Amino acid sequence: MKKPSEDGPPPAPLAPPDPDNLRQRLIGLGEHSIRKSHYPQLQERLAELERSEARYRRLFENSPAGHFVSDADGALLDCNPAFARTFGFESPAEARRISLIDLYLAPADRDRFLGLLREKRLLTHHEMPMRHRDGRPLWVQINAEGRFDAEGRLTRIYGFLSDHTQRREMEAQFRQAQKMEAVGRLAASVAHDFNNMMTAVKGYAELLTLKLADAPDLAEYARQIVEAVRRATGLISQLLAFSRRQTPHPTLLNLNRLVTDMADMFRQVLGRSIALETRLDPSIGRVMADPGQMEQVLMNLMVNARDAIGAGSGRVRVRTGGMIADIPESGKNDRRYVFLQVRDSGAGMDARTQARLFEPFFTTKQKGKGTGLGLSTVYGIIKSNKGHIRVRSRPGAGATFTILLPETTRTAEVRAKNR
Ligand SMILES: Nc1ncnc2c1ncn2[C@@H]1O[C@H](COP(=O)(O)OP(=O)(O)OP(=O)(O)O)[C@@H](O)[C@H]1O
Ligand SMILES: [Mg+2]
């Protein structure tokens, strides 16, 4: 920009830097000489400013990051469409009607963020939990700058954020998978030796039972040993199944048939005070899975449901159906799945239990009641069949376990039949 003094007559001598006076002169209300000689340049400057403002506005509006300006009390002064979208608002105008305080999961998270901003003034790549408008947690990565007044009080926050929830979830799943892998390898390496030793113990205990036919008291001790060995080898075979070393034999399977065939067994497990309801969709396709393993999966879910309901009465519902699911971690979109759902009316569980549910040896049951291997086995089986498992639960509101297995395609069916 040329300085006005380089063209036309020099402007009137500058008045002392009184802002009101200056403004009056700039907008052309001052001495008529200024108005006449500088009006075109001022207009040009104004147009330039407007263009620049529009350019930056466009950048702000179209940025994929969620930009915002807020005050220290949580009032949102401005935000762009990406910010509104991240939290589930229709538009920036709608987002501006709320207080940012409502977008935190816990007040302590906001206090921590403000504390850090006051201390560092500039935060980069800061990750923190926030809340989608529908209540679900979001992990955001935020870059923010604090502006302060002369007394050092935080007055404005300028920042932008992006949603990292999916990345966080994938990382958690990856860590989980690694942990399971490690335990699986460990289990497989001890299981073989352990089984050999148990065979010896069982053999000698059985011999003792025979030899002690005349001493029933002692024979009973020997029988107890045999029984303990049976439980121990059962545990080991669960460990092996979990470690995926037990070679499964996947076949074409109709999950409705499986549930119908097992219904009597389910009723026995559940007992009389728990009602069993089945809702099987006759149109489901078939899946490739080992029937024995799938029985194990269902039995584990049933026993857990029974334990969650406890002594009182309750109900368990088993449902099947087909669905198209978009599962990010599978890398394939819009695949057809068959789902198998077990829902109980039991005690449900909190987020802490849900986070550790599939960990081997994680149990909330009394010593001797649970080994904590049930769901980790289920997880291992479902994963080895390229399936997925989801859980929804709240304390006091029961639990729903949904297993998704890929529906077989026509070519896979033909291949399986020709094998
Ligand atoms: N349907 C359910 N409702 C409420 N909590 C459940 C349910 N299923 C599992 N859980 C919780 O998950 C934990 C782990 O389950 P898992 O089946 O892996 O082990 P377990 O049942 O404790 O022991 P195991 O199955 O080896 O006998 C349980 O201890 C319980 O806290
Ligand atoms: Mg269990």
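Reader: In this predicted model, how many residues of the shell around ligand 1 are nonpolar, how many charged and how many polar?

Author: The shell around ligand 1 in this predicted model is made up of 23 residues, the closest being Ala308, Thr363, Gly370, Gly374 and Leu375. Sorted by class, that shell has 9 nonpolar residues and 2 charged ones, and its polar residues number 12.

Reader: Which helix supplies the largest share of the shell around ligand 1?

Author: At least two residues of the shell come from H9, and at least two come from H11. The largest share amounts to 4 residues, and the helix that supplies it is H9.

Reader: Which element gives the most residues to the largest nonpolar core?

Author: The largest nonpolar core has 37 residues, of which Val297, Leu301, Val378 and Ile403 touch the most other members. Two or more residues are given by each of helix H8 (255-270), strand S8 (287-289), helix H9 (291-309), strand S9 (314-327), strand S10 (332-344), helix H11 (374-384) and strand S12 (399-406). The greatest contribution to this core is 7 residues, and the element that makes it is H9.

Reader: With its neighbours within four places in sequence left aside, which residues are in contact with Val297?

Author: Val297 is one of the core members that touch the most others. Once the neighbours within four places in sequence are set aside, the residues in contact with Val297 are Val378, Ile381, Ile382 and Ile403.

Reader: How many residues make up the other core, which lies apart from the largest one?

Author: This other core includes Ala82, Phe83, Ala84 and Leu100 among its members. Its residues number 12.

Reader: Why is Gly88 classed as partly exposed rather than buried or exposed?

Author: Gly88 sits in the loop between helix H3 (81-86) and helix H4 (92-96), and, leaving aside neighbours within four places in sequence, Gly88 is in contact with His132, Arg133 and Asp134. A residue is buried with 20 or more other C-beta atoms within 10 Å and exposed with 12 or fewer. Gly88 falls in between and is therefore partly exposed, because the number of other C-beta atoms within 10 Å is 16.

Definitions and conventions
Residues are numbered from 1 along each chain as its sequence is written. Chains are lettered from A and ligands numbered from 1 in the order in which they are written. This is a predicted model: local features need pLDDT of at least 70, side-chain atom pairs count only at pLDDT 80 or more; totals for chains, interfaces and linings use all residues. A nonpolar core is a set of buried Ala, Val, Leu, Ile, Met, Phe, Trp, Tyr and Cys residues joined through C-beta atoms within 7 Å. Two residues are in contact if their C-beta atoms, placed from the backbone, lie within 7 Å. A residue is near a molecule or strand if its C-beta atom, placed from the backbone, lies within 6 Å of it. Ala, Val, Leu, Ile, Met, Phe, Trp, Tyr, Cys and Pro count as nonpolar, Asp, Glu, Lys and Arg as charged, and the others, Gly among them, as polar.
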